[in-house]
Every structure is written in structure tokens, then in C-alpha cells.
Amino acid sequence: MRVCKRQSGYALALLMWMIAGMSLLVMAVIHFAQDDIGLAEQRLSEAQSDALARGVAMLALRDEALAPFADEAKPDGIESTGRNSDNRTDNKRGDGALSSRRYELDGHVAIATVHPASGFVSLNGASGYELGRLFTELGGASKSEVDALVQGVMDYRNQRSANSAGLQDFMGFRSREELLSVSGMRKAIYDRVKDYVQPYEATTLNVARAPTALRRAFPNGPSQTAVASGRDGVRTGGPSRAAPAVDGLVTFESVNRQRAAVMAANTVMGVSVDIRLANGQQTAYRVWVAGDEQRVLRSERLAVRRKGEGAWR
């Protein structure tokens, strides 16, 4: 009897240990499942933000083209202030934007600010002066670093750099990430300047249309010796194209398409989109849109929230 009782006690203890072990296993599974769910929700929010940014960018450019028609359609003596019927907001921040608009959809809020590509430092067309100011004022590079970086950018886009010399069909910088291939470039400097450069148009900087940070970096405007292209034969903006003629019946939409084509022909626009999702997540993007084709070239997530730019209203 004593042996049976002792065995029963062992069996009961073993059962309790098994139940405790199973409980711990279930808790671990639940914990990891919650982590997976949280990661999936984060990825979903990021995808949702990216898609919303692209859509809002195209919508903002459409509204920019339609704005003159909306103004003409207003009755005489009526003026709009603040936010009008096309969601346009007065641009009083002095950041050189063409326009700034606020959009709301199903609890999501987005503010789109439109700048031409010429409002950013061109990796393929900036002069040494422009690159120097960029790396000094925004990148925080030392004097010795700046000289090396400016020469590195020039060498890279002219295929005199070891990192670009062997590239086939090379026409200059193709993305901002290629700055990391420039000799002497530090990640810290790149992170500070990457939101203010573009590889799409080989032009000098138009300070009047630049974001606030760039305007502050060029208080006296661009150098008088700035050149239009940093590499002979480079033309990243694409060939010149005439605006398409209106096909078929002339309607409001067909006229708008033609007007948009005329306004944006051979021009790339950088649309900064600040997004606040219904779940409270906030993200900032810059969407590059080819004006002559009205298509998204790229969507870039901005590194930091820009003070004084795209502030929520």
C-alpha cells in the first residue's frame, strides 16, 4: 500500500510538472504570436502609408493643375482664404513650395507639399559650390571632408571614380543611395543630406523653390558660377516632348489633361506627404513624379520629421 501511495504521489507530481510545462509553452507561443501580429500590423501600416503617399501625391498634382480652373469658376467678388474647396491651404511658411494641400479619408490625414525637382540639389547637375554648401550646412562635414566629397561626387558622375568607371550605360547618379558609393562619404553625412538631393534633373538649385532647410543653407542664393550640368552629355530629365493634343470630344477632363501635360512637361515633381493614419501612426514620404508621363518614379521615406515643413494643421 505504501508503495502504491508513493507511486501515486510521483505520478501526481509528474502530472503537475507536465501541466506547468505545457502552460509555459502555451504562454511562449502566445507571446511570439503577439510579436508576429504586431510585426505584421506594422508592415501593413507601412504598406498602407506608402500606397496612400503615392495616391495623395498624384492627387495633389492633379489639384494643382485644376486650381486655375477652380479660381476661374468662382463668382465675381468671392475670394477664398485658408483652405478652399479643393483642399488647398495657403502656403505661408516660406518654404518655396508650389502648393500645400490637406486630404482626409476614412480617418487618415495627409498633407501634400509640392516642390519642383529643381528645388533640390541635383546630384548630376549641382556645381561644386552647391555641393559644398550641402555637405557643410546640412551634412555637418568638416572642411577637409567637404573638399573630398565634392570631388568624389564629380568623379562619380563623370565615371572617373573606381565605383562608377565600370558601370554599363551609365548616365550619372540614378538614386540618392549611390551617394554612399562616393569616396569619403560617411553614413552620418548621407543621412543628413539624403532628403534634399535628387538624381532626376541635371539642373542648378532653384533656391526660391527649395524646402526651408535648403533655403537656409543658401541665404545668398546659388553661386553665380553654377553650371547647368555637371557632366557633358548628361540629361537625366528625359528628352523634350510637346504636350499631347486633345483627342476626341473636348471636355473638361481632356482640357485638364492637356493643361497638366503643358505645366508638367519635362519636369519632375517632388511631393512631400506627411501622413497620419487612423491608428495614430505618423510617417513622412517624398514621392517623385515624372510630370511628362504623370507616373510615380519613386517613393522615399524621409529620415526625420522636418521642423517647419509639413506641420500638421
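**Exercise 1. Which kind of contact do the side chains of E300 and R298 make, and is each residue buried or partly exposed?**

Step 1. In this predicted model, the side chains of E300 and R298 form a salt bridge, 3.6 Å from N to O. A salt bridge here is a side-chain nitrogen of Lys or Arg within 4 Å of a carboxyl oxygen of Asp or Glu.

Step 2. Now look at accessibility, where buried means under 20% relative accessible area, exposed over 50%, and partly exposed in between (1.4 Å probe, protein chains only). E300 has 5% and is buried, while R298 has 25% and is partly exposed.

Step 3. Follow the shared partners: salt bridges join R176, E177, D195, R298 and E300 into one network.

A note on the model: as it is predicted, local features need pLDDT of at least 70 and side-chain atom pairs count only at pLDDT 80 or more, while totals for chains, interfaces and linings use all residues. Residues are numbered from 1 along each chain as its sequence is written, and side-chain values use heavy atoms, leaving out hydrogens and water.

**Exercise 2. Where in the chain do D195 and R176 lie, and are they buried or exposed?**

Step 1. Find the pair: the side chains of D195 and R176 meet in a salt bridge of 3.0 Å, N to O.

Step 2. Place each partner. D195 sits in the loop between helix 4 (187-193) and strand 5 (197-198), and R176 in the loop between helix 3 and helix 4, so the pair links distant parts of the chain, 19 residues apart. Helices (H or I, at least four residues) and strands (E, at least two) are DSSP runs, numbered from the N terminus.

Step 3. Check accessibility: D195 has 4% and R176 has 5%, so D195 counts as buried and R176 counts as buried.

**Exercise 3. Which residue does the side chain of R174 meet in a salt bridge?**

Step 1. The partner is E178, at 2.9 Å from N to O.

**Exercise 4. At what angle do helix 2 and helix 3 pack, and which residues meet?**

Step 1. Helix 2 (residues 128-138) and helix 3 (residues 143-157) pack at about 130°, with axes 9 Å apart. Axes are lines fitted to C-alpha atoms, for helices over the stretch in contact, and angles run from 0 to 180 degrees between N-to-C directions.

Step 2. Name the arrangement: this makes helix 2 oblique to helix 3. Angles under 35 degrees count as roughly parallel, over 145 as roughly antiparallel, 65 to 115 as roughly perpendicular, and the rest as oblique.

Step 3. List the contacts (heavy atoms within 4.5 Å). From helix 2, G128, L131, G132, F135 and T136 meet V146, L149, V150, V153, M154 and R157 of helix 3.

**Exercise 5. Which residues of helix 2 are buried, and what do they pack against?**

Step 1. The buried residues are E130, L131, G132, L134, F135 and L138.

Step 2. They pack against strand 4 (121-122), helix 3, helix 4, strand 5 and helix 5 (212-217).

Step 3. Just beyond helix 2, G140 takes a positive phi of about 70°.

**Exercise 6. How many helices and strands does the protein have?**

Step 1. There are six helices and eight strands.

Step 2. Of the 313 residues, 41% count as buried.
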